[in-house]
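Biologist: I would like to learn how to read the features of a model such as this one. Please take them one at a time.

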Protein chains: 2
Amino acid sequence: MTARWDGRALSEGLLTAARQAVDSGIPEGGRPPSLVSVHTAGPSPYSFYLRHQARAADRAGITFRDITLAEDLTAPTLREVMRALDAEPGVDAVILEHPLPPQLGFFSAVSALRIEKDVDGVGAASLGRLLAGQPVHVPAVARGAVKLARHHGASFPGRPVTVIGRSETVGLPIALLLSVRGLGADATVTLAHSRTPDLAAALCCADVVFSCAGQPGLLNRGNVPEGAAIVDVGLSNVPDSTAPGGQRAVGDADVADLEGWARAVTPVPGGVGPVTVATLMESTVLAWDLLGRGKAL
Amino acid sequence: MTARWDGRALSEGLLTAARQAVDSGIPEGGRPPSLVSVHTAGPSPYSFYLRHQARAADRAGITFRDITLAEDLTAPTLREVMRALDAEPGVDAVILEHPLPPQLGFFSAVSALRIEKDVDGVGAASLGRLLAGQPVHVPAVARGAVKLARHHGASFPGRPVTVIGRSETVGLPIALLLSVRGLGADATVTLAHSRTPDLAAALCCADVVFSCAGQPGLLNRGNVPEGAAIVDVGLSNVPDSTAPGGQRAVGDADVADLEGWARAVTPVPGGVGPVTVATLMESTVLAWDLLGRGKAL
């Protein structure tokens, strides 16, 4: 029997705790936490995430606003948008859609935020601090994925773990959170990616696999070692005539094939996704706290 | 036969090229590159490195100065020292001894340097940029170690590599330089460290091993796979009554045991060390160039 490491109950618990921290923590002259989500106009995987952000913020008592970027946006303008939000005293936390088209300079834009407001921890200074084991904000997806596995009993110290995917916003932060000194996970991490020719070899000894490839069916009995647990961070849409809209979300794991083979799989949807969103709200509460809870510092 | 991947010829070539870049590159009203090395008073492994820095700077036509920190130094004072050097127009590049005692806050101090002057690439923003595949300066030891292996024919794309050691100044930058997107090495990296219980398992598939443990004899036939190449970044002193001073420098590899078993080993001394020092001079020339070659920008 392969366990199903669900994320919904954990997510609910995190949102309830965030709500309590907000309700009981607003000082005289302060205000609730405020999160701004900046994104492009078109439909994108981020649209789905955005809807869940709005709902989770509402649950946690966080003021939420989203900004749709102009279609003719350039990299310098995007950086200006981020600079303006960084300077706005009513804003505690800013998250920018990713991935963005490369010409928009996501990394440069998000690095314009001060470290407290860079709530998803993906700017240059935030990532550098994570690497040195001294993070302020850790990317929510990394903290969420690790938290979900721990919630279901996974233990990392000394264990072999493989992370698939090396984006600076997803795969690399997960690998660092699991391996760097001072953060306590202390796993022995192998980082596989699109240029890894033999995925089965990279997975050979893994006790837990964090898969961030966005490739449906990537993980199956042919490459996953028997008894490994899979934390499925992939998110893709596949055609499904029975689903509303004609498609449904799936992860990287071929769940049917892995049933009875893997020790556990996190479901998609309902696994890493809701925990990531709830963790983003936790980080927003931290940003608010670091920035004075709405009182002029 | 185990090949000896020497670093001295490579180092000489790099210093000659740096010298040419300096001699032919000083603009009217400019000056040569200037490097400042900041260090504690006591004897330390850095003292050895410092002597080589001074000699290499001289070879490359770089103005070199070293600053000995007061014995009663505190973290805030150290940060002030770095801030002052950052503001000094006559200084292009600053390197700070590491490791320092934790209470001195190495990471915070070095992060006070602007990214161009952080010549060893170990401040928060520099490390974050490395992670995102957009570095300005890469830690010299990382670039030196990878350069030395390539110089002797090592190829990394798609290959399994194990890095031993996860310090933010040595092991992690090597792991990132080898694996992140956009820098071209594209290896599949496993990061082993002090909390890895089974080093042989972490090394099992490695084609090249980068060892940064500082533990003499750590690598031997018992854990290194036959035919692997070892880039020995470790540096320790062991007693030797026949050596001047009664001790000699050794790396992590048990070279005698690995003879005829490993494909190649970089010698200690004479391997990664001189290439690291020469690479630091290369980076100093880059800093000088980015900061206007001594002309007011």
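Predicted model: local features only at pLDDT ≥ 70, side-chain atom pairs only at ≥ 80, totals over all residues.

Modeller: Residues are numbered from 1 along each chain as its sequence is written, while chains are lettered from A and ligands numbered from 1 in the order in which they are written.

Biologist: How many helices and strands are there in chain A?

Modeller: Helices (H or I, at least four residues) and strands (E, at least two) are DSSP runs, numbered from the N terminus. Chain A has 10 helices and 11 strands.

Biologist: What radius of gyration does chain A have?

Modeller: The radius is taken over C-alpha atoms, and the globule rule is 2.2 Å times the number of residues to the power 0.38. For 297 residues a compact globule would come near 19 Å, and chain A agrees, with 19 Å. Along the principal axes, its C-alpha atoms fill a box of roughly 55 × 40 × 35 Å.

Biologist: Which residues of H5(A) are buried?

Modeller: A residue is buried if 20 or more other C-beta atoms lie within 10 Å of its own, exposed if 12 or fewer, and partly exposed in between, with C-beta atoms placed from the backbone. In chain A, 51% of the 297 residues are buried. Helix H5 (residues 124-131) of chain A is mostly covered, with eight of its eight residues buried; among them are A:Ser126, A:Arg129 and A:Leu131. Just after H5(A), A:Gly133 has a positive phi of about 75 degrees.

Biologist: What covers H5(A)?

Modeller: Contact requires C-beta atoms, placed from the backbone, within 7 Å. The cover includes helix H7 (171-179) of chain A, and also helix H5 (124-131) and helix H7 (171-179) of chain B.

Biologist: How many residues does each chain give to the contact between chain A and chain B?

Modeller: Chain A gives 32 residues and chain B gives 32 residues. On the chain A side, the elements with two or more residues are H5, H7, strand S6 (188-192) and helix H8 (199-203). H5(A) supplies the largest share, seven residues. By class, this side has 17 nonpolar, nine polar and six charged residues. Ala, Val, Leu, Ile, Met, Phe, Trp, Tyr, Cys and Pro count as nonpolar, Asp, Glu, Lys and Arg as charged, and the others, Gly among them, as polar.

Biologist: At what angle do H6(A) and H10(A) pack?

Modeller: Two packed helices are described by the angle between their axes and the distance between the axes. Axes are lines fitted to C-alpha atoms, for helices over the stretch in contact, and angles run from 0 to 180 degrees between N-to-C directions. Helix H6 (residues 140-151) and helix H10 (residues 272-290) of chain A pack at about 120 degrees, with axes 8 Å apart. H6(A) is therefore oblique to H10(A). Angles under 35 degrees count as roughly parallel, over 145 as roughly antiparallel, 65 to 115 as roughly perpendicular and the rest as oblique.

Biologist: Where is A:Ala60 found, and is A:Ala60 buried or exposed?

Modeller: A:Ala60 is in helix H2 (residues 45-60) of chain A. A:Ala60 is buried because 28 other C-beta atoms lie within 10 Å. Not counting residues up to four places away in sequence, A:Ala60 touches A:Leu15, A:Ala18, A:Arg19, A:Val22 and A:Met281. The C-alpha atoms of A:Ala60 and A:Ala70, 10 residues apart along the chain, are separated by 29 Å.

Technical notes: Contact = placed C-beta atoms within 7 Å.
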